[in-house]
Amino acid sequence: MAKIAILGYGTVGSGVFEVLTMNADSVAVNAGEPVEIKYVLDLRDFPGDPAEDKIVHDVEIILNDPEVSVVVETMGGNEPAHTFVKRALEAGKSVCTSNKNLVEAYGSELLKIAKEKKVRFLFEAAVGGGIPIIRPIKDALTADKVDFVTGILNGTCNYILTKMSEEGMEFEDALKSAQDNGFAERDPAADIEGHDSCRKIAILAALISEKNVNFEDITTEGITNITASDFAYAKGLGMKVKLLSSASYEGGKLKAITAPFLVGGDNRLFNVDDVINGVWVHGNAVGDLVFQGAGAGKLPTASAVSSDVVDAVKNCDTVYKLLWSDETLTPEPTGDYSFRYFIRVNDAGRDAAVNAFGNVKNVEADGITGETAMITDVMTEKEFAKKAESVNIINMIRITPDTNI
């Protein structure tokens with residue numbers, strides 16, 4: 001019987017406890033032996049909870065128990081999660097985590113320790129919640145060269161943008177709806193400013209490049225500047241606004257960005273709405289693959305973590321050879337990326353915009369007056385910024401390269 005410990009008994013940790021308990025029979029069959037939760041680490045007590053008799057408050061109990069072969073980390077944040085995970089690996093215990101901050105910041109280091117100690121460091125839930133994406137990229141597509149990945153990686157933002165699109169809400173009202181329904185934190189900054197999505201694309205960029213990618217090096221824009229007017233124009237174009245996180249890796253060069261984009265009906269992520277997440281992967285042999293599902297939530301995320309537990313128990317005698325070197329790869333300057341741009345200007349600034357951007361396509365929207373919207377030709381970010389210096393732009397949204405207008 002394999003014995004495991006869970007660090008952190010919050011939403012995801014309690015979900016892992018629930019999944020491994022209610023699916024104990026199938027877990028045992030797939031893992032090759034029964035899996036018993038021996039300890040749950042938390043600062044709190046949980047009287048009356050199913051985990052009540054397993055709660056411990058001292059991590060040393062877990063780290064020093066040779067019976068514990070797998071540690072599940074669901075605490076979140078960098079510390080003390082990093083210290084606890086590192087020590088668990090060094091003690092010869094496999095670790096499964098849902099912690100994107102930990103994986104983005106210390107993934108290469110922890111994988112190296114796991115390899116040295118002949119155990120596993122697994123993090124399927126750190127990027128797509130319940131969506132399987134790490135294994136498809138690194139295990140199922142081993143004969144392919146994955147050169148592009150883009151995704152809707154934050155359910156909070158996707159919910160907000162869907163409400164704005166379908167109900168004409170302004171941003172603040174859609175955010176309040178997300179908070180009222182439990183889809184957004186009281187302090188939603190990490191989500192709506194794009195930082196959560198950026199950390200996730202940094203992890204995916206590291207996997208496709210097999211090098212360390214720092215999320216701080218990726219240009220990131222959130223959704224706080226998107227308005228109901230933007231969606232009115234998008235509707236007229238048959239398009240939607242989505243927060244996309246994208247990375248492409250070709251010829252040893254990485255391009256990566258997180259920002260709102262206008263996407264057309266032919267885009268594979270166009271119909272990924274509400275709190276659902278979606279990831280679009282391109283391999284040079286297999287072509288395009290799309291994965292979508294619950295990107296967050298107690299049981300979907302716990303399901304992915306629990307699958308890692310099964311993997312760790314089943315393959316305890318083999319080393320997980322996931323390539324992720326210590327070498328840091330810095331994305332190419334965003335100024336060299338090329339897009340078409342949707343821009344809005346006051347009517348008084350229309351002539352200046354046309355003079356600056358040249359060939360533009362006008363965009364109409366019902367009920368909006370006093371301003372003009374237009375779409376530019378393809379140009380680099382650097383070129384756009386230079387031309388925009390002479391224009392008073394109300395808002396700008398990039399357009400995905402695959403969009404025909």
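Pro-80 sits in the loop that runs between β4 (68-73) and α4 (81-90). The peptide bond between Glu-79 and Pro-80 is cis, with omega at about 5°. Before I go on, please keep in mind that this is a predicted model.

Two packed helices are described by the angle between their axes and the distance between the axes. For α4 and α5, the angle is about 15° and the axes are 9 Å apart. Angles under 35 degrees count as roughly parallel, so α4 is roughly parallel to α5. Their crossing is right-handed.

Which residues of α4 and α5 meet? On the α4 side they are Ala-81, His-82, Val-85, Lys-86, Leu-89 and Glu-90. On the α5 side they are Leu-102, Tyr-106, Glu-109, Leu-110, Ile-113, Ala-114 and Lys-117. Sorted by type, the residues of this contact are 8 nonpolar, 1 polar and 4 charged.

Helix α5, residues 100-117, also packs against helix α11, residues 195-209. Here the axes come within 9 Å and cross at roughly 45°. That angle makes α5 oblique to α11. The crossing of this pair is left-handed. From α5, the contact uses Lys-100, Asn-101, Val-103 and Glu-104. From α11, it uses Asp-196, Arg-199, Lys-200, Ala-202 and Ile-203. How do the residues of the contact of α5 with α11 divide into nonpolar, polar and charged? There are 3 nonpolar, 1 polar and 5 charged.

Lys-118 is in the loop between α5 and β6 (121-122). Lys-118 is not a glycine, yet its phi is positive, about 60°. Is Lys-118 buried or exposed? Its relative accessibility is 60%, and the cut-off for exposed is over 50%, so Lys-118 counts as exposed.

Glu-210 is a second case, in the loop between α11 and β8 (219-220). The phi of Glu-210 is also positive, near 60°, and this residue is other than glycine. Glu-210 has a relative accessible area of 32%, so it is partly exposed.

On to the inside of the protein. The largest nonpolar core has 56 residues. Those with the most contacts inside this core are Ile-62, Leu-89, Phe-121, Phe-123, Ile-133, Leu-204 and Val-281. Which helix gives the most to this core? It is α11, with 9 residues.

Neighbours within four places in sequence are left aside here. Val-281 is then in contact with Ile-133, Ile-137, Leu-141, Val-146, Phe-148, Val-149, Gly-287, Asp-288, Leu-289 and Phe-291. Another core, of 29 residues, lies apart from the largest one, and its members include Val-19, Ile-55, Ala-125 and Val-313.

Gly-10 is in the loop between β1 (2-7) and α1 (11-22). With 29% relative accessibility, Gly-10 counts as partly exposed. Not counting residues up to four places away in sequence, Gly-10 touches Asp-42 and Arg-44. From Gly-10 to Gly-236, C-alpha to C-alpha, is 44 Å in space, and the two are 226 residues apart in sequence.

Asn-395 belongs to strand β17, residues 393-399. At 10% relative accessibility, Asn-395 counts as buried. Asn-395 and Arg-344 are 51 residues apart in sequence, while their C-alpha atoms are 5.5 Å apart. Leaving aside neighbours within four places, the contacts of Asn-395 are Asn-225, Ile-226, Asp-230, Phe-342, Ile-343 and Arg-344.

Thr-380 is in strand β16, residues 379-380. Is Thr-380 buried or exposed? Its relative accessibility is 18%; buried means under 20%, so Thr-380 counts as buried. With neighbours within four places left aside, Thr-380 is in contact with Gly-335, Asp-336, Tyr-337, Ser-338 and Tyr-341.

To close, go back to α5. Helix α5 is roughly parallel to α4 and oblique to α11.

Terms used
Residues are numbered from 1 along each chain as its sequence is written. This is a predicted model: local features need pLDDT of at least 70, side-chain atom pairs count only at pLDDT 80 or more; totals for chains, interfaces and linings use all residues. Side-chain values use heavy atoms; hydrogens and water are left out. Axes are lines fitted to C-alpha atoms, for helices over the stretch in contact, and angles run from 0 to 180 degrees between N-to-C directions. Helices (H or I, at least four residues) and strands (E, at least two) are DSSP runs, numbered from the N terminus. Angles under 35 degrees count as roughly parallel, over 145 as roughly antiparallel, 65 to 115 as roughly perpendicular and the rest as oblique. A crossing is left-handed if the near helix is turned anticlockwise from the far one by less than a right angle, and right-handed if clockwise. Contact means heavy atoms within 4.5 Å. Ala, Val, Leu, Ile, Met, Phe, Trp, Tyr, Cys and Pro count as nonpolar, Asp, Glu, Lys and Arg as charged, and the others, Gly among them, as polar. A nonpolar core is a set of buried Ala, Val, Leu, Ile, Met, Phe, Trp, Tyr and Cys residues joined through side-chain atoms within 4.5 Å. Buried means under 20% relative accessible area, exposed over 50%, partly exposed in between (1.4 Å probe, protein chains only).
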